[in-house]
Amino acid sequence: MPETSQSPVVRVLFIGDVVGTGALAMVTKMLPVLAQKYASDFIIVNGENVAEGKSLTKKQAAEIFNAGAKIITTGNHVWDRWDARGLMAEDRRILRPANYPRENAGAGFAVGETKDGIAIGVVNLQGRTYMQTIDCPFRVSHWALDKVSERTRIIIVDMHAEATAEKQTMGRYLDGKVSAVLGTHTHVQTADAQILPGGTAYLSDVGMSGPYESVIGMKIDVAIKRFTNQTPYKYEIATDGIRIAGVSLTIEVATGAALEIEPFLYPDFERTRTIEAIPEAEEIENDIFVATNNIAGEVADA
């Protein structure tokens with residue numbers, strides 16, 4: 001990417017993995033509000049977990065598009081529903097990772113436009129560390145970028161991967177070649193949002209849009225049983241504490257270079273707790289007072 005200069009910018013809103021129908025309802029309700037807040041020109045949503053954690057349906061995809069999204073990215077769980085294959089073959093706005101063998105349905109990249117006609121490319125890739133041994137995402141990225149760059153210099157990459165090191169490597173590998181590399185899949189928003197030296201915005205994981213009274217979207221008791229008993233338990237989506245995780249990007253139109261990356265979590269977590277909020281705080285203080293007086297009395301009698 002060349003050095004940036006004074007030129008128009010475009011703002012892209014990326015919503016992290018939507019987990020469950022409750023999260024879908026909140027995302028579709030809040031997308032217009034978030035788009036207004038961040039002055040977004042183009043919206044991307046990762047929708048691989050909408051259908052109770054496993055893929056998405058045609059109806060659910062329509063709801064996301066009707067709420068304002070231009071492109072839906074996915075990942076390994078998109079294949080968990082057989083009818084998703086037909087959906088991806090029918091609608092090229094719904095992506096699957098480009099590095100799955102080409103015989104699979106769907107496309108791994110797409111180009112959409114803002115209402116002002118600015119073209120924005122989206123590429124979906126998947127890591128291989130601790131995941132399926134599919135084609136190399138690094139090598140496939142060249143093929144996908146060659147196709148997309150014929151139409152635009154503004155390119156967003158959804159790097160759907162388990163290993164942080166693999167995501168970071170992809171960020172460095174594509175630095176200066178794309179506008180942003182945004183990690184998905186692990187459902188926990190990371191604190192490493194930055195713009196790399198070549199002008200590419202990077203975040204290891206955008207985070208989950210879903211129920212946070214959970215373990216990455218799963219009911220807490222089910223997750224505990226899985227880990228403590230080391231045997232399979234039915235995957236059950238939690239329902240409480242739904243939040244939306246996402247990123248707002250500001251990108252220079254002329255160069256495709258990122259100018260700003262701003263992660264968000266809505267609503268944010270509570271990070272303080274006063275002693276008044278602890279139910280037994282007053283009783284504890286009284287017990288300490290009585291115990292102190294008793295000890296003082298015993299010392300005096302001695």
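A contact here means heavy atoms within 4.5 Å. The model is predicted, so to speak of local features takes pLDDT of at least 70, side-chain atom pairs count only at pLDDT 80 or more, and totals for chains, interfaces and linings use all residues. Residues are numbered from 1 along each chain as its sequence is written, and side-chain values use heavy atoms, with hydrogens and water left out.

Start inside. A nonpolar core is a set of buried Ala, Val, Leu, Ile, Met, Phe, Trp, Tyr and Cys residues joined through side-chain atoms within 4.5 Å. Buried means under 20% relative accessible area, exposed over 50%, and partly exposed in between (1.4 Å probe, protein chains only). The largest such core has 32 residues, and Leu13 and Ile244 are among those with the most contacts inside it. Helix α1 (21-37) gives the most to this core, with 8 residues. Helices (H or I, at least four residues) and strands (E, at least two) are DSSP runs, numbered from the N terminus.

Leu13 touches, among others, Leu31, Leu34, Tyr38 and Phe264, leaving aside residues up to four places away in sequence.

Six strands form an open sheet in the order β4-β5-β6-β7-β9-β8, with mixed pairing. β4 (109-113) and β8 stand at the edges with a single partner strand each, so one side of each has no neighbour in the sheet. Strands pair if DSSP finds at least two bridges between them. β8 and β9 (201-203) pair in the antiparallel sense over 2 bridges. Gln194 stands opposite Tyr202 in β9.
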